[in-house]
Amino acid sequence: MKVTIVGAGAVGASCAEYIAIKDFASEVVILDIKEGFAEGKAMDLMQTASLNGFDTKITGVTNDYSKTAGSDVAVITSGIPRKPGMTREELIGINAGIVKSVASSLIEHSPNVIIMVVSNPMDTMTYLVHKTTDLPKNRIIGMGGALDSARFKYRLAEALDAPISDIDGMVIGGHSDTGMVPLTAHATRNSIKVSEFISEERLNQVAEDTKVGGATLTKLLGTSAWYAPGAAVSAMVQAIACDQKKMFPCSTFLEGEYGLEDICIGVPVLLGKNGIEKVVNIELTEAEKAKMQESAAGVRKTNDLLDL
Ligand SMILES: NC(=O)c1ccc[n+]([C@@H]2O[C@H](COP(=O)([O-])OP(=O)(O)OC[C@H]3O[C@@H](n4cnc5c(N)ncnc54)[C@H](O)[C@@H]3O)[C@@H](O)[C@H]2O)c1
């Protein structure tokens, strides 16, 4: 398993670190446009290998796509992150150009690659890769829901005063402050609905805190978060590398599922060696269905800004 990570910034380096620590990939190549930056991050990470006990070989390159040849999975984290007060949608002007050219260079050197899009606005960037490349839809995956679900579980555990391992829950919909759809009615603690443990008002607060989870961190950190995004990417790459058929909410191109088409948005999927192996249809409540339609309208508004 060879994994390329484009962008050696906060998120890209975190992805490389978690992938290496889990030790399921033989090779990780980090590529950045900034001279020497990826080489530096790779060398620093390799110097943790004997301490953290991994054998994954990490190398860094400055914009040399020939070194990414034969990648099984490529993660696109290149582009600008948001600053406090910004929405993810405001990044489209700069990030669309970067994501489009990066995807095309990756495919030129690795025609069988599975592309995982992280750069924001992520659903629109995933749609852009779908519209501007020939890759089949199972090989284009947007990462957002796995992170948002991890944030949802964190907030639920806090509200229930429970260990996170007791909690299960999922966030679908668009990866934006207003578009996320935390599935509060489906969330459980050890198979018991969380509504048995906390009031409806508290549960609604958990959903609202989840939706602004990224913005909350951006305000605290001065830039967007990286540990949980890196962990989410590494779990998804591992599911592909180890053919786990594990379920994650991912942004994928829909053709009628959930009543939506010609859009990339977060829905539950199974990840395995072929990328997205199946879109999982779950029965949503009427309220969740309405929220999903609203979320899709928001994503479409951002998609309309693309120069396709
Ligand atoms: N989908 C998610 O859940 C999620 C979560 C967190 C961050 N993000 C997004 O990920 C992106 C990266 O965030 P970050 O905090 O790592 O930013 P960062 O600024 O730390 O890193 C971005 C890196 O991309 C590099 N880069 C820019 N243009 C490039 C190009 N054409 N080719 C190769 N490298 C290039 C930059 O030199 C920089 O090192 C942002 O768009 C951010 O909004 C998404």
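These are my notebook entries on what I looked up in a predicted model.

**Ground rules**

I number residues from 1 along each chain as its sequence is written, and I leave hydrogens and water out, so that side-chain values rest on heavy atoms. Because the model is predicted, local features need pLDDT of at least 70 and side-chain atom pairs count only at pLDDT 80 or more, while totals for chains, interfaces and linings use all residues.

**Entry 1: strand S1**

Is S1 buried or exposed? Five of its five residues are buried, so S1 is largely enclosed by the rest of the structure; buried means under 20% relative accessible area, exposed over 50%, and partly exposed in between, with a 1.4 Å probe and protein chains only. I checked both faces and found Lys2, Thr4 and Val6 buried on one side, and Val3 and Ile5 buried on the other.

Next I looked up the partners of S1, where two strands pair if DSSP finds at least two bridges between them. Strand S2 (residues 27-32) pairs with S1 in the parallel sense over five bridges, and there Thr4 stands opposite Val29. Strand S4 (residues 73-76) also runs parallel to S1, joined to it by four bridges, with Val75 of S4 opposite Ile5.

I then followed the chain from S1 through helix H1 (residues 10-22) to S2, which together make a right-handed β-α-β unit; right-handed means that, with the strands pointing away from the viewer, the path from the first strand over the helix to the second runs clockwise.

**Entry 2: backbone exceptions**

Most residues other than glycine have a negative phi, and most peptide bonds are trans. Asp23, in the loop between H1 and S2, has a positive phi of about 60° although it is not a glycine, and I noted it as partly exposed at 32% relative accessible area. Asn63, in the loop between strand S3 (57-62) and S4, likewise has a positive phi, near 50°, and is partly exposed at 40%. The peptide bond from Asn120 to Pro121 is cis, with omega near -5°, and Pro121 is found in the loop between strand S5 (114-117) and helix H5 (122-132).

**Entry 3: Thr126**

Thr126 is buried, with a relative accessible area of 0%.

**Entry 4: salt bridges**

How many salt bridges does a search of the whole structure find? The search finds 13, a salt bridge being a side-chain nitrogen of Lys or Arg within 4 Å of a carboxyl oxygen of Asp or Glu. I looked at Lys137 and Glu255, whose side chains meet at 2.7 Å, N to O. This pair links distant parts of the chain, 118 residues apart, with Lys137 in the loop between H5 and strand S6 (140-142) and Glu255 in strand S12 (residues 246-255). Lys137 counts as partly exposed at 31%, whereas Glu255 is exposed at 51%.

For Glu158 and Arg155, the closest N and O atoms are 3.0 Å apart, and because they are three residues apart in helix H6 (residues 145-160), about one helical turn separates them. Last, I noted a network of salt bridges linking Asp243, Lys245, Lys273 and Glu277.
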